[in-house]
Amino acid sequence: MAPDPEDHTGALAPYRVVDLCGELGALCTVMLSGLGAEVIRVEPPGGHATRTKPPLLANGTSLYWSQMNAGKRSVVLNLESTAGREDLRRLATTADFLIESSTPGAMASLGLGFEDLRAIAPRLIYTSITPFGQEGPKSDWAGPDLIGMAAGGLMSLCGDPDRAPLRVSVEQGFGLAGLAASVGSLIALHARERTGRGQQVDVSMQAAVANALGNARLYYAMEGLVTRRAGGGRAFGKVGTRMIFESSDGHVAFIRVPYTFEALAGWFEAEGVPYTFEVERWSQRALAGSQMPDANEVTALEAELIPFFAARSTMELYEEGQRRGLMSCPVSNMADLSANPQLQHREFFGQDSDGVRRPGAPVRMSATPWLRGAAPRLGADTDAVMEQISGLPLGNGAGGEPPTVDAERAREIFKGLRVADFSWVGVGPNAAQQLAWHGAEVIRVESTLRTDTFRSSGPLAPNVEGLDRSAYFANHN
């Protein structure tokens, strides 16, 4: 049946989420809300701490709060009181998800842990997002975003090699943990459709960050090398490939791969700019491993690239480079993004009822829209929700006994699902890999005309010939 163009129901419209997150993992409930779930933000008396997180509008409204809580409902509960905890238990019996980011054991100490709520809400998906996970020697350690970035290894790869490591922009550790939690929660939802029961989803920010390190950790596994940061470039084992070059009015990101040198030479020739790099020779040079160029060769190449880029504007390098099949892109600041014609054409930025212009949908689905409303006033929905849950039973077994589940069936969540994976490099294969890890049959379809970039990317297995040497490719597939 074709979708009704007038239907504005989100993909997760039937589902209710109880949101007990702090900044860690907050992006999880943003995703669930945007996909259409009813997200109930539980706040303490006086309001959640992030209601006053800068930057603030003149009226005192936190832009962080309004962005991270758009479209949610607000219910005030005092979880330090017996009545408040009982109300949360009742609310949990009506919910499909509970998302929390407390220290391991903190919720259980209030009688609100996974086992406590499973007894009364056996279908509840209980997602716990913490710095280091629910178990292990550091499970009770504190962990703001900076700690997650450092403990996960990403900070060690950022910055100039002769200076201290750097964090990456804003709270990427919190963001990576939140995205991992949203994916894990939705997989658990699919599992519930197969098994009839909920489960706990245990998300570690450290693990989420470490999972995003590309091939850095593979160099240690394959060759015993600890990857070093490479300044404005991409680290490959002990060396790095420069990616950031100055333009006449800013900076441009450009990365060389073997097949780009013919196009690069053609550009030089069209502009009447002489060059000495040998196209055929450079087309055989890998970014890493035994076939990579030495430092003197790279210096000689960059001596020709640097003045070429510096003589042209960022947008010229971007548009002409892309037209010629080169991987070139502006290094954009926030003002650049706000005026970006691609984002404007896709109507990425929207405006809320408070007049604030904010980012829009990270995904588009043809039949179910991304939903974004204004952030709720403190306690705006307390009365309505309390009236709905008033009188619901409490106590062990109120939600019914969890069904018995065959262990193999529970593990193979996507068994019977076949996926045709036509993607390449990293992003698409990573998405398909999530399905494969949970039981789907994923068939990787590759081109005979252009080999996947990752098949020639290091580290490469020793004593193996051909296109099946790359640990980078194997790690993503």
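Helix α12 (residues 295-310) contributes three residues to the lining of the largest cavity, the most of any contributor; helices here are DSSP runs of H or I with at least four residues, strands are runs of E with at least two, and both are numbered from the N terminus. This is a predicted model, in which local features need pLDDT of at least 70 and side-chain atom pairs count only at pLDDT 80 or more, while totals for chains, interfaces and linings use all residues. Residues are numbered from 1 along each chain as its sequence is written, and side-chain values use heavy atoms, with hydrogens and water left out.

One cavity of 30 Å³ or more is found in the whole structure, a cavity being a set of points on a 1 Å grid over the protein atoms alone where a 1.4 Å probe fits but cannot get out, with lining residues having an atom within 4 Å of a point. The largest cavity holds about 40 Å³ of space, the volume being that filled by probe spheres set on grid points joined across faces, edges and corners. Its lining consists of Arg242, Phe245, Phe254, Arg256, Leu301, Glu302 and Leu305.

## Backbone features

Pro54 and Pro55 are joined by a cis peptide bond with omega of about 5°, and Pro55 sits in the loop between β2 (38-43) and α2 (63-68).

Glu347, which is not a glycine, has a positive phi of about 55° and belongs to the loop between α15 (341-345) and β12 (350-351). Glu347 is exposed, at 63% relative accessible area (buried is under 20%, exposed over 50%, partly exposed in between, with a 1.4 Å probe and protein chains only).

Key
1 Å grid on protein atoms, 1.4 Å probe; cavity = no way out; pocket = protein on both sides within 12 Å on 5 of 7 lines; lining within 4 Å.
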